[in-house]
Amino acid sequence: MYGWIKSEAQLLNWLRSQFRRVWNTHPSKLTVLQDRRFLKANNTGRRIWHCKCEKCGKDFKMTDIEVNHKVTVGKLTVENLGEFVSNMLIVRPDELELLCKTCHGIITYSEKYNMSVEDAEIEKRVIAFTKVSADKQKAALVKVGIEPGKTAGIRRAQAREYMKVKKENRNG
């Protein structure tokens, strides 16, 4: 179909990886990283480059920081190839923000699944909860006063509901 690439999905994966290679050395991205970095001493006194996450406000080593487009780049398809490239690569430094990996993951998840950042944050925490063993899930639920469900799906729903209520109580 496209040389050694046998499907449209493979072509789009290849294109996406090539665009990311270009993005890694993009002048706007590098400008943001260079302008917003600062030296901070670690526990041994060695000074290491850090950046502040623009969402949570915490300081992170540069290896733990990612550059996010403030305007969603979108999903790459054959039909929107030009729009995708424009959104990804035709950007000025003021259209970018520095986020820690956790915050960037939450924002990306909210965009991908069309939900609020608050709901995405809860969902990412629920996903992390489901990755621990059933015994640890049950112990965590008991610790907060919830009788654990028998199945993983029930425990997942219980954790989600607990996290939503907890967030509402903090905000309200």
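# Pockets and cores: a quick chat

Visitor: How much space lies in the second largest pocket?
Guide: About 240 Å³. Keep in mind that this is a predicted model.

Visitor: Which elements line the second largest pocket with two or more residues?
Guide: Helix H4 and helix H5 (117-130) do. H4 gives the largest share, five residues.

Visitor: What residue classes are in that lining?
Guide: Six charged, four nonpolar and two polar. Lys 55, Cys 100, Ile 106 and Arg 125 are among the lining residues.

Visitor: Ile 106, then. Where is its place?
Guide: Ile 106 sits in helix H4, residues 101-112.

Visitor: Is Ile 106 buried or exposed?
Guide: Buried. Its relative accessibility is 6%, and the cut-off for buried is under 20%.

Visitor: What is Ile 106 in contact with, leaving aside neighbours within four places in sequence?
Guide: Val 117, Ala 120, Glu 121 and Lys 124. Glu 121 and Lys 124 also line the second largest pocket.

Visitor: How far apart are Ile 106 and Ile 122 in space?
Guide: 9.0 Å, C-alpha to C-alpha. In sequence they are 16 residues apart.

Visitor: New topic. What is the volume of the largest pocket?
Guide: About 720 Å³. It is lined by 22 residues. Arg 20, Val 73, Gly 74, Thr 108 and Glu 111 lie nearest its centre.

Visitor: Which element supplies the largest share of that lining?
Guide: E4, with five residues. H1, H2, H3 and H4 are also among the elements that each supply at least two.

Visitor: And by class, how does the lining of the largest pocket divide?
Guide: Nine nonpolar, seven charged, six polar.

Visitor: Back to E4. Why is strand E4 largely enclosed?
Guide: Because four of its five residues, 65-69, are buried.

Visitor: Which strand is joined to E4?
Guide: E5, residues 96-100. Five bridges join them, and the two run antiparallel. Val 67 stands opposite Leu 98 in E5.

Visitor: What about the largest nonpolar core? Which residues touch the most other members?
Guide: Trp 23, Met 88 and Leu 98, out of 19 residues in that core. H1 gives the largest share, five residues.

Visitor: What does Met 88 touch, not counting residues up to four places away in sequence?
Guide: Phe 19, Arg 20, Trp 23, His 69 and Val 73. Arg 20 and Val 73 are also among the residues nearest the centre of the largest pocket.

Visitor: Which residues are in the second core?
Guide: That separate core has six residues, including Ile 122, Phe 129, Leu 141 and Met 163.

Notes: Residues numbered from 1 in each chain as written. Predicted model: local features only at pLDDT ≥ 70, side-chain atom pairs only at ≥ 80, totals over all residues. Heavy atoms only, no water. Buried < 20%, exposed > 50% of the residue type's maximum accessible area, 1.4 Å probe, protein only. Contact = heavy atoms within 4.5 Å. Pairing = 2+ DSSP bridges. Core = buried A, V, L, I, M, F, W, Y, C linked by side-chain atoms within 4.5 Å. 1 Å grid on protein atoms, 1.4 Å probe; cavity = no way out; pocket = protein on both sides within 12 Å on 5 of 7 lines; lining within 4 Å. Points joined across faces, edges and corners; volume = space filled by probe spheres on them. Nonpolar A, V, L, I, M, F, W, Y, C, P; charged D, E, K, R; others polar.
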